[in-house]
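Here are my notes on the model you sent over. Have it open beside you as you go through the points.

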Amino acid sequence: MSLTLDATAPEARHGALRGLSNLLYRKPTLYLSLLLVPPLLWFGAIYLGSLLTLLWQGFYTFDDFTMTVTPSLTWANFAALFTPANFDIIQRTVLMAVAVSIASAALAFPIAYYMARYTSGKTKAFFYIAVMLPMWASYIVKAYAWTLLLAKGGVAMWFVQHLGLEPLLNLLLSVPGVGGNTLSTSNLGRFLVFVYIWLPFMILPIQASLERLPPSLLQASADLGAQPRQTFMQVILPLSVPGIAAGSIFTFSLTLGDFIVPSLVGPPGYFIGGMVYAQQGAIGNMPMAAAFTLVPIVLIAVYLSIVKRLGAFDAL
Amino acid sequence: MPPAVQFTQVSRQFGEVKAVDQVSIDIQDGEFFSMLGPSGSGKTTCLRLIAGFEQPSAGSIRIHGLEAAGLPPYQRDVNTVFQDYALFPHMNVLDNVAYGLKVKGVARAERLQRAEQALEMVALGGYGSRKPVQLSGGQRQRVALARALVNRPRVLLLDEPLGALDLKLREQMQGELKRLQRQLGITFIFVTHDQSEALSMSDRVAVFNKGRIEQVDTPRNLYMKPATAFVAEFVGTSNVLRGELASQLVGDARPFSIRPEHIRFALGERGASDVEVSGLLHDIQYQGAATRYEIRLDNGQHLSLSQANSQWGDGPASHQPGQRVTARWAREAMVALSEGV
């Protein structure tokens with residue numbers, strides 16, 4: 001008796017809501033479209049639409065003399081990317097992005113491995129927070145803080161002096177392409193800041209891929225006679241490649257598009273991001289800025305296809 | 001010749017929990033040896049101690065006479081078939097099977113040839129180029145077997161390898177494992193919680209309970225002469241009669257085991273060595289090959305009686321729940337038990 005009472009009461013109270021949920025259950029297509037239409041509208045109209053409009057403007061003509069843009073279509077802007085001055089910018093940015101990605105992966109892997117294999121419960125939570133904590137502070141604040149850390153007489157120099165490593169640092173700074181007058185005006189300094197800022201984006205995907213690795217695979221490898229080094233090279237590393245690839249897509253593309261760190265730390269000379277900013281802001285050459293925007297998109301597409309060709313996503 | 005695997009007073013503790021508690025076993029070379037027990041009884045930990053995934057807290061483990069405690073898995077001449085198969089998802093079947101040879105530095109041509117032979121041995125010749133995800137559960141199981149056997153181990157460890165397969169496939173694989181073991185002549189150590197599997201395949205079975213071994217014996221002896229109440233009830237089903245009833249029937253206060261199929265309904269003349277008890281029939285379960293009758297005895301104990309359903313119908317089909325019945329069995333069919341661990 002009491003059972004039937006309990007069963008009917010909620011139905012009476014939530015009649016309309018229940019009707020709606022039953023309708024959605026019977027018509028999964030309606031349910032799906034209700035869920036997907038808002039994000040698809042956002043993605044399609046606002047994101048892709050504006051991106052395509054921007055790229056389209058890369059075909060417009062900029063008149064150097066009158067400083068005006070006319071909508072007559074031309075390949076000139078894209079061709080101009082390959083002039084020595086512009087190509088230099090692209091080359092500089094890509095080299096830095098590659099170096100930052102490699103260093104981040106090398107630094108992130110041991111941390112991610114430790115997190116995935118040796119921590120649990122509170123220790124794991126601590127590591128998650130420790131990895132993400134720097135992302136809670138404003139990016140600009142961190143970039144400025146690094147200019148002070150790396151400056152002459154700054155904290156980094158103080159450490160180097162007290163460790164007696166000054167000759168080594170000077171040797172490093174005298175290497176052409178890497179060095180400069182001080183850490184904060186060298187490519188080395190810029191590289192350090194980039195690695196610091198993007199490291200969490202590399203740690204978390206690698207950690208996730210290692211977390212998915214069943215412990216029995218490692219045991220099976222050892223059981224079949226593999227030394228720990230062989231287990232690492234044959235099993236752990238190949239199966240974590242999707243994580244490394246995902247992380248490197250972050251570090252690579254974030255470095256390609258950044259214009260704040262290069263303007264604060266390191267030697268003079270534009271990065272792609274800075275060039276886009278300068279073209280559309282100070283100069284007003286929107287078509288050239290749009291052409292430059294295409295460069296990271298193409299580079300990432302090329303990078304992804306190489307990574308895919310190498311089989312990075314086979315284990316997904 | 002030393003035993004293939006010898007445990008001497010081996011213990012393994014995880015914090016407060018004694019997963020394995022002073023276990024001693026000798027497993028002979030070329031034997032099909034099963035470790036049987038409920039989950040958490042320590043059987044899998046024993047297997048992992050042999051493989052080297054765990055190290056003993058105390059005691060000595062010898063594999064073919066060599067002390068194994070302290071040796072990592074990759075320095076032991078044993079191979080394991082894992083419960084979840086643990087195939088490498090990024091390698092095809094042939095590379096999976098050839099893995100053990102590859103890490104030991106066997107030349108490519110030879111290792112691929114031997115891997116192909118191992119695949120043929122488990123009836124998977126020609127499947128080498130597939131990825132593990134493209135195989136069925138039974139096929140993955142065979143690949144795992146081939147991957148272990150290709151290394152020609154002297155001891156093969158099998159950790160509930162048939163657990164994930166359906167009944168028909170499991171029975172088929174049981175036969176194939178037994179055939180492979182005879183053909184190769186290597187020691188198989190098989191962990192399972194399925195007593196019928198252990199009985200049908202093994203030369204000898206160790207029954208585990210709470211980290212200790214209750215009995216090590218041939219399947220026939222385990223069933224016919226269980227040493228403890230635990231073995232009697234875990235291996236097959238059994239009635240364990242205790243206390244007053246036992247002393248009343250046989251004049252001995254020890255617990256006794258009597259198998260349900262050794263009990264029948266009292267009909268005709270009672271033999272000289274027969275014992276009889278009466279009670280209320282309260283449940284009848286039809287099980288296909290046999291019918292099981294549950295009887296509540298007058299002193300409150302339960303008794304199960306099993307009768308084969310032969311087409312000549314010697315069983316009285318007229319039995320109904322609620323009826324008073326008398327059960328009878330031969331005194332010799334009763335086995336005296338010790339209390340065990």
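**Notes on chain B, starting from the core**

1. The largest nonpolar core has 96 residues, and the members that touch the most others are B:Ile50, B:Val97, B:Ala146, B:Val155, B:Leu157, B:Ile189 and B:Val207. Helix α2(B) gives the most to this core, with seven residues. By nonpolar core I mean a set of buried Ala, Val, Leu, Ile, Met, Phe, Trp, Tyr and Cys residues joined through C-beta atoms within 7 Å. Buried stands for 20 or more other C-beta atoms within 10 Å of the residue's own, with C-beta atoms placed from the backbone (12 or fewer is exposed, in between is partly exposed).

2. Before going further, the ground rules. This is a predicted model, in which local features need pLDDT of at least 70 and side-chain atom pairs count only at pLDDT 80 or more, while totals for chains, interfaces and linings use all residues. Residues are numbered from 1 along each chain as its sequence is written, and chains are lettered from A and ligands numbered from 1 in the order in which they are written.

3. Back to B:Ala146: setting aside neighbours within four places in sequence, B:Ala146 is in contact with B:Val97, B:Ala118, B:Leu119, B:Met121, B:Val122 and B:Leu124. Contact here is C-beta atoms, placed from the backbone, within 7 Å. There is also a second, separate core of 52 residues, which includes A:Ala108, A:Ala116, A:Ala245 and A:Ala246.

4. Now the overall layout. Chain B has nine helices and 18 strands, taken as DSSP runs numbered from the N terminus (helices: H or I, at least four residues; strands: E, at least two). Its C-alpha trace spans about 75 × 45 × 35 Å along the principal axes, and 40% of the 341 residues are buried. The domain assignment, which is automatic or from a database, gives domain 1 (5-227) and domain 2 (239-336). Their C-alpha centres lie 40 Å apart.

5. The open sheet is worth a look: six strands of chain B in the order β6-β7-β8-β3-β9-β10, with mixed pairing. Strands β6 and β10 (212-217) of chain B are at the edges with a single partner strand each, so one side of each has no neighbour in the sheet. Twist averages 20 degrees from one strand to the next. Pairing takes at least two DSSP bridges between two strands.

6. Inside that sheet, β3 (32-36) and β8 (187-192) of chain B pair in the parallel sense over five bridges. B:Phe33 has B:Ile189 as its bridge partner in β8(B), and B:Ile189 is also among the core members with the most neighbours in point 1. Helix α4 (137-149) of chain B lies across β6 and β7 (155-159), running at about 175 degrees to β6(B). Axes are lines fitted to C-alpha atoms, for helices over the stretch in contact, with angles from 0 to 180 degrees between N-to-C directions.

7. Two hairpins follow one another. Strands β14 (274-286) and β15 (290-297) of chain B run antiparallel with seven bridges, and in their three-residue turn B:Gly288 has a positive phi of about 90 degrees. Strand β15(B) is also antiparallel to β16 (302-308) of chain B, again through seven bridges. There, four residues separate the strands, and B:Gly300 takes a positive phi near 95 degrees.

8. Lastly, the interface: 18 residues of chain B are in contact with 17 of chain A. The largest share of chain B's side, three residues, comes from α2(B).

Technical notes
Contact = placed C-beta atoms within 7 Å.
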